[in-house]
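Colleague: I'd like to learn how to read a model like this one. Could you walk me through a few features?

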Amino acid sequence: MCDDRFVIVERPVDCGGLYDAKRHELVDLMRTLNDGELATTVPATPAWSVHDVLSHVVGIAADLNAQRFDVVDPDEWTARQVLERKDRSVSELAEEWDGEAPRFADGLRLFGYELGSHYVGDLLQHTADVRHALGLGIIADDEALAVGLDHYLLELDRGLTSSQGGTVVVAVPGEEWTLGAGPAVGSVRASRFEAFRMLGGRRSESQIRAMDWSGEIDAVLPVLSPYPLPEHPIQEG
């Protein structure tokens, strides 16, 4: 997970174990929800309800375990995951996930930290999306969040390097990374959660510009996240 310019130190963690723990946390939350709450639109993924988000994360595990990549369009792939499970209850989805999770978690261990941090981060993004939709508090600033952030930092490093956008410093309490290559462009300081949500495409352009930046943000914005930025602010906390 490194090259001759930039290193993210792989944290000595079990990504499969972290994924499984966060999976259980999301299912436990889902089991407490009534039909109206499950039907709530998720602002970060406005085509989906809370129930749809659970269908998606279960579908990811099932599809990757089965090596089912028979569509070219990622949006079509995820839409199918949701559609196939639209009539399943939370209990049925939890049972499916229980069946898929051991193999999926073992895969995260087998393929290493880069892939493991990706899917820990993805699960945490969707969990934070659900909590935001329901007006609940933000996810914990814990080891899993640090691992998930590492994935998005690596994505930003790749984006800056391929676009020749220069280097950007990202700083959170206790840690700091210099991403990209070439001349310094700017820096941003944020909480770990805000950095995670920003780099994961969950902050609007206006929110990003309002963060603690120095330097030239316009050069960074096009590659700041691998996902489209939301049109409207997502306020959390």
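Modeller: Happy to. Let's begin with contact, which means heavy atoms within 4.5 Å. Helices (H or I, at least four residues) and strands (E, at least two) are DSSP runs, numbered from the N terminus. This is a predicted model, in which local features need pLDDT of at least 70 and side-chain atom pairs count only at pLDDT 80 or more, while totals for chains, interfaces and linings use all residues. Residues are numbered from 1 along each chain as its sequence is written, and side-chain values use heavy atoms, with hydrogens and water left out.

Colleague: Which residues is glutamine 125 in contact with, leaving aside its neighbours within four places in sequence?

Modeller: They are Tyr152, Phe196, Arg197, Gly200 and Arg202. Glutamine 125 sits in helix α6.

Colleague: Is glutamine 125 buried or exposed?

Modeller: Buried means under 20% relative accessible area, exposed over 50%, and partly exposed in between (1.4 Å probe, protein chains only). Glutamine 125 has a value of 1%, so it is buried. Glutamate 176, at 49%, is partly exposed. That glutamate 176 belongs to strand β4 (residues 175–181), and it touches Val169, Val170, Ala171 and Arg189, not counting residues up to four places away in sequence.

Colleague: How do I check the span of helix α1?

Modeller: The expected span is 1.5 Å times one less than the number of residues. For the 17 residues of α1 (residues 15–31) that gives 24 Å, and the end C-alpha atoms are 24 Å apart, which agrees.

Colleague: Which residues of α1 are buried?

Modeller: Among them are Cys15, Leu18, Tyr19, Leu26 and Met30. Seen down the axis of α1, the buried residues fall within an arc of 165° (taken from the directions from the helix axis to the C-beta atoms), so they line one face of the helix. The general idea is that an α-helix has 3.6 residues a turn, so residues three or four places apart point the same way. The buried residues of α1 pack against several helices, including α3 (50–65) and α5 (90–111).

Colleague: And what about α3: how many of its residues are buried?

Modeller: The count is 16 of the 16, so α3 is largely enclosed by the rest of the structure. Just after α3, glutamine 67 takes a positive phi of about 50°.

Colleague: How do α3 and α5 cross?

Modeller: Axes are lines fitted to C-alpha atoms, for helices over the stretch in contact, and angles run from 0 to 180 degrees between N-to-C directions. Those of α3 and α5 come within 9 Å and cross at roughly 30°. Residues making the contact include His51 and Leu54 of α3 and Trp97 and Phe104 of α5.
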